[in-house]
Amino acid sequence: MTLQIVNEQVEKYMRGLLTRHDDPVLLEMEALAAEKHFPIINRHVGVTVEILARAIGARRIFELGSGYGYSAYWFARAAGPGAEVHCTDGDAENAKQAEQFLSRAGLWDRITFHVGDAVTAFNGVENDWDIVYCDIDKHGYPEAWEAARDRVKIGGMYICDNVLWSGRVAVDDRGDERPQWTEAIKKHNAMIAKDERYESSILPIRDGVMVALRVAD
Ligand SMILES: C[S@@+](CC[C@H](N)C(=O)[O-])C[C@H]1O[C@@H](n2cnc3c(N)ncnc32)[C@H](O)[C@@H]1O
């Protein structure tokens, strides 16, 4: 059994408040996701990560799992001109599409896109980050957190999508096709909750967004 975290009508109501962001490139990216059943973070979480990034003045952002650039659209807007937003994806086709979309949106100037394994790319780039955002295949979540946790600046954030995984982290799903992904997300969430260098909480919007603010060395 899986759960819709936010009541469908409430979700629709909240989405209806976000129409002023209807820029043609964004609408095209959202239409593509709907057509291809591609799992983007979608509008509500997009606006939320933009708010988080703006709130801490994030200028160096590393995304693990960028797809064709939808989440990067929000981070890149927040970070502003001259910022550094690194994207990663295993699929070169996604990188090409991201370049097309984000160029048209006037945001490509601040993007570096790495094609290949996200955590390997992250480990290959030096320096610390204002935000590390994770949205890779879920069995990789514990490794992503382990790679990121010492490299988020104090005052910076680790943000991760799908941490409630349609409720499977809390409710026994006998039909779970990927129990190892559910276990990995649970391990990831528990590790973050225990880390005293971070203040963390899960925003129960869409599929659950982990927000962990680094407060200590
Ligand atoms: C959920 S989608 C990301 C969507 C994107 N964050 C957004 O909201 O627009 C996950 C993406 O990460 C990529 N991916 C999954 N695991 C990966 C890994 N270990 N390394 C690099 N890319 C990965 C997939 O190819 C897919 O495009």
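A residue counts as near a molecule or strand when its C-beta atom, placed from the backbone, lies within 6 Å of it. With that in hand, let us start at the ligand: 19 residues surround it, and the closest are G65, G67, Y70, A118 and I136. The elements that give two or more residues to this shell are α4 (70-79) and β2 (84-89). Helices (H or I, at least four residues) and strands (E, at least two) are DSSP runs here, numbered from the N terminus.

A word on what you are looking at. This is a predicted model, in which local features need pLDDT of at least 70 and side-chain atom pairs count only at pLDDT 80 or more, while totals for chains, interfaces and linings use all residues. Residues are numbered from 1 along each chain as its sequence is written.

Now step back to the whole chain. The protein chain has 8 helices and 7 strands. Its radius of gyration is 16 Å, close to the 17 Å that the globule rule gives for 217 residues, so the chain is as compact as a globular protein of that length. That radius is taken over C-alpha atoms, and the globule rule is 2.2 Å times the number of residues to the power 0.38. Along the principal axes, the C-alpha atoms fill a box of roughly 45 × 40 × 30 Å. Of the 217 residues, 40% count as buried. A residue is buried if 20 or more other C-beta atoms lie within 10 Å of its own, exposed if 12 or fewer, and partly exposed in between, with C-beta atoms placed from the backbone. Two residues are in contact if their C-beta atoms, placed from the backbone, lie within 7 Å. Among contacts between residues at least 6 apart in sequence, 70% join residues at least 24 apart.

Next, follow helix α5 (residues 92-104). At 1.5 Å a residue, its 13 residues should span 18 Å, and its end C-alpha atoms are 19 Å apart, which agrees. The expected span is 1.5 Å times one less than the number of residues in the helix. Within α5, N94, A95, A98, F101 and L102 are buried. These residues cover an arc of only 130° around the axis, which puts them on the same side of α5. The arc is that of the directions from the helix axis to the C-beta atoms. On the other side of α5, A92 and E93 are exposed. The buried residues of α5 pack against α2 (24-36), α4, β2 and β3 (111-115). Just after this helix, G106 takes a positive phi of about 75°.

With 24 C-beta neighbours inside 10 Å, A148 counts as buried. Leaving aside its neighbours within four places in sequence, A148 is in contact with V132 and Y158. A148 and N94 are 54 residues apart in sequence and 23 Å apart in space, C-alpha to C-alpha.

Helix α7 comes up again with α8 (residues 179-194), whose buried residues pack against α7, β6 (198-203) and β7 (209-214). The 16 residues of α8 should span 22 Å at 1.5 Å a residue, and the end C-alpha atoms are 23 Å apart, in agreement. Its buried residues are A184, I185, H188, N189 and I192. Seen down the axis, they fall within an arc of 130°, so they line one face of α8. The face turned away from that buried side carries the exposed residues P179, Q180, A190 and K194.

Finally, take a look at the loops. Between β5 (152-161) and α8 lies E177, which is exposed, with 7 other C-beta atoms within 10 Å. E177 and D137 are 40 residues apart in sequence and 14 Å apart in space, C-alpha to C-alpha. S166 also has its place in the loop between β5 and α8, and counts as partly exposed with 17 C-beta neighbours inside 10 Å. Most residues other than glycine have a negative phi. S166, although not a glycine, has a positive phi of about 50°. R206, likewise not a glycine, has a positive phi of about 45°. R206 lies in the loop between β6 and β7, and its 21 C-beta neighbours inside 10 Å make it count as buried.
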